[in-house]
Amino acid sequence: MSVSYMTHPLIKHKITLLRKQTTGTNEFRKLIEEIAMLMGYEALSDLPTADIKVYTPIEETIQPVINGKKLAVVPILRAGLGMVNGILALVPSAKVGHIGLYRDPETHEPHEYYCKLPENIDQRQIVVVDPMLATGGSAIAAVDFIKQRGGTKIKFMSVIAAPEGVSALMQAHPDIQLYVGCLDRCLNENAYICPGLGDAGDRIFGTI
Ligand code: PRP
Ligand code: URA
């Protein structure tokens, strides 16, 4: 598995603002979407293009376009939803699937409650989005579901990751490409990322 860590100062700046406990729901949502767009720009730099004929006011020419219909964005519910519009701002014709997972508060094990993916998932470039990669349990389960349904070309984008989650995902799915906004120090005893940003789902949806 290849792991890319974001180095762009705009991404770093926005992640810092995201972490602040004084950042409210409205600003948090806006930041997550902007970070997803900036990370998406990096993560999609190898999207295949096809040549089409266009007419400029001067002459006919053959030029490259991407086929957005071949892209599937798959947020892990709930928090991944906050990243979807950032990717769609780049590729508006992408299809969107959903995987519903929650972590058991005691065991930290992921539990599935929903999975719906676009058709012909085996032919698509898939971008799974979830702001937090903590133990890696949710990410591993989401990629398992996608592979069980035929998906093969998988990228995973997380805004903040713990080293434990990166290692676990790398070991379980060595064939995927991982994009991390910032690698944090470690997990605490409740499997929260330190320094992290707290509970991403609660901060996006204002449920605290
Ligand atoms: C959070 C987060 C990830 C998961 C990461 O979701 O959005 O999906 O935890 O933790 P892991 O790497 O240890 O599995 P959560 O289960 O809190 O659900 P929510 O988004 O609905 O709040
Ligand atoms: N899920 C979150 O939302 N935050 C963490 O720090 C870990 C898991």
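**Entry 1: the shell of ligand 2.** I sorted the residues around ligand 2 by class and got 6 nonpolar, 1 polar and 2 charged. I keep in mind that this is a predicted model. Then I wrote down the names: Arg103, Met132, Ala134, Ala191, Tyr192, Ile193, Gly198, Asp199 and Ala200.

Entry 2: Which backbone atoms lie 2.8 Å from an oxygen atom of ligand 2? I found a backbone N or O atom of isoleucine 193 at that distance. I also found a backbone N or O atom of alanine 200 at 2.8 Å from an oxygen atom of the ligand.

**Entry 3: cover on ligand 2.** I looked up how much of ligand 2 the protein hides. Taken alone, ligand 2 exposes 240 Å², and the protein buries 88% of that. I checked its location too, and ligand 2 sits in the largest pocket.

**Entry 4: the shell of ligand 1.** I moved on to ligand 1. I listed 16 residues around ligand 1, and those that come nearest are Arg103, Asp130, Thr135, Gly136 and Ser138. Arg103 was already in my notes, as one of the residues around ligand 2. By class, I noted 7 nonpolar, 5 polar and 4 charged residues in the shell of ligand 1.

**Entry 5: where that shell comes from.** Which elements each supply at least two residues of the shell around ligand 1? I found strand E6 (98–103), strand E9 (132–133) and helix H4 (137–148). E6 gives the largest share, with 3 residues.

**Entry 6: polar contacts of ligand 1.** I started with the arginines. A polar side-chain atom of arginine 103 lies 2.7 Å from an oxygen atom of ligand 1. For arginine 78, a polar side-chain atom lies 2.9 Å from an oxygen atom of the ligand. Glycine 136 uses its backbone: one of its polar backbone atoms is 2.8 Å from an oxygen atom of ligand 1.

**Entry 7: cover on ligand 1.** How much of ligand 1 does the protein bury? Taken alone, ligand 1 exposes 500 Å², and I read that the protein buries 91% of this area.

Technical notes
Residues are numbered from 1 along each chain as its sequence is written. Chains are lettered from A and ligands numbered from 1 in the order in which they are written. This is a predicted model: local features need pLDDT of at least 70, side-chain atom pairs count only at pLDDT 80 or more; totals for chains, interfaces and linings use all residues. Side-chain values use heavy atoms; hydrogens and water are left out. A residue is near a molecule or strand if one of its heavy atoms lies within 4 Å of it. A polar contact is a pair of N or O atoms within 3.5 Å; within protein, one must be able to donate a hydrogen and the other to accept it, and residues adjacent in sequence count only if both atoms are side-chain atoms. Accessible areas come from the Shrake-Rupley method with a 1.4 Å probe; for residues, only the protein chains shown count as cover. Helices (H or I, at least four residues) and strands (E, at least two) are DSSP runs, numbered from the N terminus. Ala, Val, Leu, Ile, Met, Phe, Trp, Tyr, Cys and Pro count as nonpolar, Asp, Glu, Lys and Arg as charged, and the others, Gly among them, as polar. On a 1 Å grid over the protein atoms alone, a cavity is a set of points where a 1.4 Å probe fits but cannot get out, and a pocket is an open set with protein on both sides within 12 Å along at least five of seven lines; lining residues have an atom within 4 Å of a point. A molecule sits in a cavity or pocket if more than half of its atoms lie within 2 Å of its grid points.
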